Amino acid sequence: LLLKASCFLFSASQLLCSCFEQVYLQWKEPVFHQVMYGFLVGCLVLRSIYIVTWVYPWLRPLAYTSLGVFLMGFILWNVDNILCDNLRTIRQKLPLHLLGAMTQFHAWWHILTGLGSYLHILFSMYTRTLYLKYRPKVKVSQALSSEVHSCFLQQGHVRTKSFN
């Protein structure tokens, strides 16, 4: 039953992505791209909320931080799309170029989406190792990068596997 459900979800997601692709190739409207991106991230958000509400509630801080960073990037991206001309005028009037660089919201979208993606990948690896009944630990190293370490038994020996 689980295999059938997984096959159905995989097929449905492939069909949905193919439909999005075909519509976008025929109708090159940036708003359609933005709405579909928001829809796909929304699906990711709903799935993550389900996981942290019912399956692994102690992972809420990691999941909500990831989703919050995604949301902030998405909001800045849309503000940049709507107010692009006004922001450009403001940037030209600012005396310091550093302040002008801070109003490049499309660039902030890339930065925040990258960070949100990294945190969500970490969250996904952590939930996967829990599902496989490993004992994962999130370790933050000196270089501010995180790793998921998982200890598992293999032929009577404890081995450590690092996912980074």
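Analyst: What follows sets computed values against the definitions behind them.

Analyst: This is a predicted model, in which local features need pLDDT of at least 70 and side-chain atom pairs count only at pLDDT 80 or more, while totals for chains, interfaces and linings use all residues. Residues are numbered from 1 along each chain as its sequence is written, and side-chain values use heavy atoms, with hydrogens and water left out.

User: How many helices and strands does the chain have, and what makes a run count as one?

Analyst: There are six helices and three strands. Helices are DSSP runs of H or I with at least four residues, strands are runs of E with at least two, and both are numbered from the N terminus. In that direction the elements run α-α-α-α-α-α-β-β-β.

User: Why is Ser-48 called buried?

Analyst: Buried means under 20% relative accessible area, exposed means over 50%, and partly exposed is in between (1.4 Å probe, protein chains only). Ser-48 has 2% relative accessibility, so Ser-48 counts as buried. This residue is found in helix α2. Leaving out residues up to four places away in sequence, Ser-48 touches Leu-67, His-120 and Phe-123; contact here means heavy atoms within 4.5 Å. Over the chain, buried residues make up 27% of the 164 residues.

User: Why does Met-72 count as partly exposed?

Analyst: Its relative accessibility is 44%, and therefore Met-72 counts as partly exposed. Met-72 sits in helix α3, residues 60-82. The C-alpha atoms of Met-72 and Leu-112 are separated by 7.3 Å, although the two residues are 40 apart along the chain.

User: And why is Lys-133 called exposed?

Analyst: The relative accessible area of Lys-133 is 73%, so Lys-133 is exposed. Its place is in the loop between α6 and β1 (135-140). Phi of Lys-133 is near 65 degrees, a positive value in a residue other than glycine.

User: What makes a set of residues a nonpolar core, and which residues form the largest one?

Analyst: A nonpolar core is a set of buried Ala, Val, Leu, Ile, Met, Phe, Trp, Tyr and Cys residues joined through side-chain atoms within 4.5 Å. The largest has eight residues: Ile-51, Val-52, Tyr-56, Leu-59, Ala-63, Phe-123, Tyr-126 and Leu-130. Both α2 and α6 supply at least two residues of this core, and the largest share, three residues, comes from α6. A second, separate core has six residues, including Val-69, Leu-76, Leu-87 and Leu-119.

User: What makes an open space a pocket, and what volume does the largest pocket have?

Analyst: On a 1 Å grid over the protein atoms alone, a pocket is an open set of points where a 1.4 Å probe fits, with protein on both sides within 12 Å along at least five of seven lines; lining residues have an atom within 4 Å of a point. The largest pocket has a volume of about 920 Å³. Of its 24 lining residues, the closest to the centre are Leu-9, Arg-47, Ser-48, Tyr-50 and Ile-51. The elements giving two or more residues to the lining are α1 (2-26), α2 (30-55) and α6 (105-131), and the largest share, nine residues, comes from α2.

Key
Grid points are joined across faces, edges and corners, and a volume is the space filled by probe spheres set on the points.
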